[in-house]
Amino acid sequence: MKKALTLILALAMALSLAACGTAGTASSAPASPDASAAPGSASPAASFVVGFSNVDDIYSYCAKFRDYLVADCKELGIDVIVTNAGGDANVMNGQVEDMISQNAKIVSTIACNPDGNTPALDSAKNAKLPYVAFLNSIKGGDDYDGYIYIGSQNYDAGTMQGKYLAEKLPKNAKVIYLTGSLSNQENLDRKNGMMDALKDRTDIKFIAEYDVDSKKDRAMSTTEDCLQAFDSFDAIVCQNDDAALGAVEALKAGNRLDGVITVGIDGSDAALTSIQAGELTMSVLQDAKAQAKAGADVFAQIRDGADPATIKDVYVPFQVVTKDNVADYISK
């Protein structure tokens, strides 16, 4: 069995969260969903190349993480083959195979699906290459000594949402819950964490739950439907900031934002700006910069001879961001 998940990365959360400005460089240019790698994404002369497949560049947090990772790797002399799976697990599996054929020394992903991307893990196993899973885990990963997880505890993010709601919601509050696919463990963990934190608030009623695939446009249209279906509600809870910002836009357009608590997860730049403007109520910040730096550091350890089986998984803590402390996290 893979070593226990014991390493907690205790980070000062005063890190700057400014969006990374490296997206235009050749090494960070994302591939189209049906391509295996971005043109020029890895230098032919590079002595150490790693592969990274992003779940979908449409998610602003994942795109920001990608840019930080490429920039940090560049500083360490590591080239990255960057691809975009476009949300398709089969595409990602093929991209990982292509990375291996291009002599990547490590493969890494933000997985589309913990089950659907097991073939990518199998490809790494067969090639005897390390597999670094960012943010989303892969089923069976802990059974492979070359598997390393870097991200955050999604249950904790849900717990933070739940504690905030338990404190702020009025008696007999009505809540709408907009989720990502609950077939993904990260989303299920976030839901379980929130529900556990609300167990003593038996008066709170969830009047509707919808899978919006954590996408802004779907959250916006679903919220518009809710405005027609429900005369009143007290909160809209979302499993990421993209969805939360979609809900905020719909509430603003319907003149219903006042009095409705809106919460998300990620602490994206757009979400922090919305909180500062008094629109989005709260986000649970996930530190893309620290996660990416941890990934680049692990790549460098392996390059420099470390046995992947001895490298512990890395967990970066979440932080609650509201109007009271958003100035500590907004782009500086």
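**View 1. Make-up of the lining of the largest pocket.** Nine nonpolar, 15 polar and eight charged residues form the lining of the largest pocket. The model shown here and in the other views is predicted.

**View 2. Volume and centre of the largest pocket.** The largest pocket holds about 490 Å³ of space. Its lining counts 32 residues, and V55, Y59, N136, N184 and E186 are the closest to the pocket centre. Three elements, α1 (60-75), α5 (185-197) and α7 (241-253), each give two or more residues to this lining.

**View 3. The second largest pocket.** The volume of this pocket is about 370 Å³. A set of 23 residues lines the second largest pocket. Nearest its centre lie N136, S137, Y149, Q185 and D189. At least two lining residues come from each of β6 (147-151), α4 (154-168) and α5. Helix α5 has the largest share, with three residues. By class, the lining of the second largest pocket splits into ten nonpolar, nine polar and four charged residues.

**View 4. The buried face of helix α3.** Helix α3 spans residues 118-126, and A120, L121, S123 and A124 are buried in it. Viewed down the α3 axis, these buried residues fall within an arc of 155 degrees, so they line one face of the helix. The packing partners of the buried α3 residues are α2 (89-101), β4 (106-109), β5 (131-134) and β6.

Notes. Residues are numbered from 1 along each chain as its sequence is written. This is a predicted model: local features need pLDDT of at least 70, side-chain atom pairs count only at pLDDT 80 or more; totals for chains, interfaces and linings use all residues. Side-chain values use heavy atoms; hydrogens and water are left out. On a 1 Å grid over the protein atoms alone, a cavity is a set of points where a 1.4 Å probe fits but cannot get out, and a pocket is an open set with protein on both sides within 12 Å along at least five of seven lines; lining residues have an atom within 4 Å of a point. Grid points are joined across faces, edges and corners, and a volume is the space filled by probe spheres set on the points. Helices (H or I, at least four residues) and strands (E, at least two) are DSSP runs, numbered from the N terminus. Ala, Val, Leu, Ile, Met, Phe, Trp, Tyr, Cys and Pro count as nonpolar, Asp, Glu, Lys and Arg as charged, and the others, Gly among them, as polar. Buried means under 20% relative accessible area, exposed over 50%, partly exposed in between (1.4 Å probe, protein chains only). The arc is that of the directions from the helix axis to the C-beta atoms. Contact means heavy atoms within 4.5 Å.
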